[in-house]
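Subject: Structure for your attention, with notes

Dear colleague,

I am passing on the structure below, followed by notes on what was found in it. Please read the notes with the coordinates open beside you.

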Amino acid sequence: MKKILIQKNLKSIFKDYGIQMSKDVIDLLNTDIHRQIVRMAIRCEKGNVKRITQETYHIALGSMSEYAKWANS
């Protein structure tokens, strides 16, 4: 699987809060983010979204109630 997050940025964010990260946690975060992005793509497909935009991003997040309001208008 391709790494989605940049290790340097991850470490920097956690370091700002005084937290150290092990290598295995960085891999775990990459796996988790990948899983979340796949779920977002599936939601878009189920919501019949052909192009994700600022207006349709809520569908990817799983906020279908916003999509239902828009579809009924």
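Predicted model: local features only at pLDDT ≥ 70, side-chain atom pairs only at ≥ 80, totals over all residues.

Residues are numbered from 1 along each chain as its sequence is written, and side-chain values use heavy atoms, with hydrogens and water left out.

Overall fold

The chain has four helices and zero strands, where helices (H or I, at least four residues) and strands (E, at least two) are DSSP runs numbered from the N terminus, and the order of elements from that terminus is α-α-α-α. Of its 73 residues, 16% count as buried, meaning under 20% relative accessible area, with exposed standing for over 50% and partly exposed for values in between (1.4 Å probe, protein chains only). The accessible surface of the chain is about 6200 Å², 56% of it belonging to carbon and sulfur atoms; areas come from the Shrake-Rupley method with a 1.4 Å probe, and for residues only the protein chains shown count as cover. Among contacts (heavy atoms within 4.5 Å) between residues at least 6 apart in sequence, 29% join residues at least 24 apart.

The buried residues of helix 2 are Ile 26, Asn 30, Met 40 and Cys 44, and they pack against helix 1 and helix 3. Met 40 and Cys 44 also belong to the largest nonpolar core, together with Val 49, Ile 59 and Ala 60; such a core is a set of buried Ala, Val, Leu, Ile, Met, Phe, Trp, Tyr and Cys residues joined through side-chain atoms within 4.5 Å. Helix 2 and helix 3 (57-61) are the elements that give two or more residues to this core. Leaving aside residues up to four places away in sequence, Met 40 touches Tyr 57, Ala 60 and Leu 61.

The structure holds one salt bridge, a term that requires a side-chain nitrogen of Lys or Arg within 4 Å of a carboxyl oxygen of Asp or Glu. Asp 27 forms it with Lys 23, the closest N and O atoms being 3.3 Å apart, and both residues lie in helix 2 (residues 23-46), four residues apart, or about one turn of the helix. Asp 27 is partly exposed at 32% relative accessibility, and Lys 23 is partly exposed at 44%.

Loops and surface

Asn 48, in the loop between helix 2 and helix 3, has a positive phi of about 60° and counts as exposed at 52% relative accessibility. Most residues other than glycine have a negative phi.

Ile 13, Tyr 17 and Ile 19 form a nonpolar surface patch with about 360 Å² of accessible area together; patches are made of residues with over 30% relative accessible area and no salt bridge, like charges being joined within 9 Å and nonpolar side chains (Val, Leu, Ile, Met, Phe, Trp, Tyr) within 5 Å. Ile 13 lies in helix 1 (residues 7-16) and is partly exposed at 48%.

With best regards
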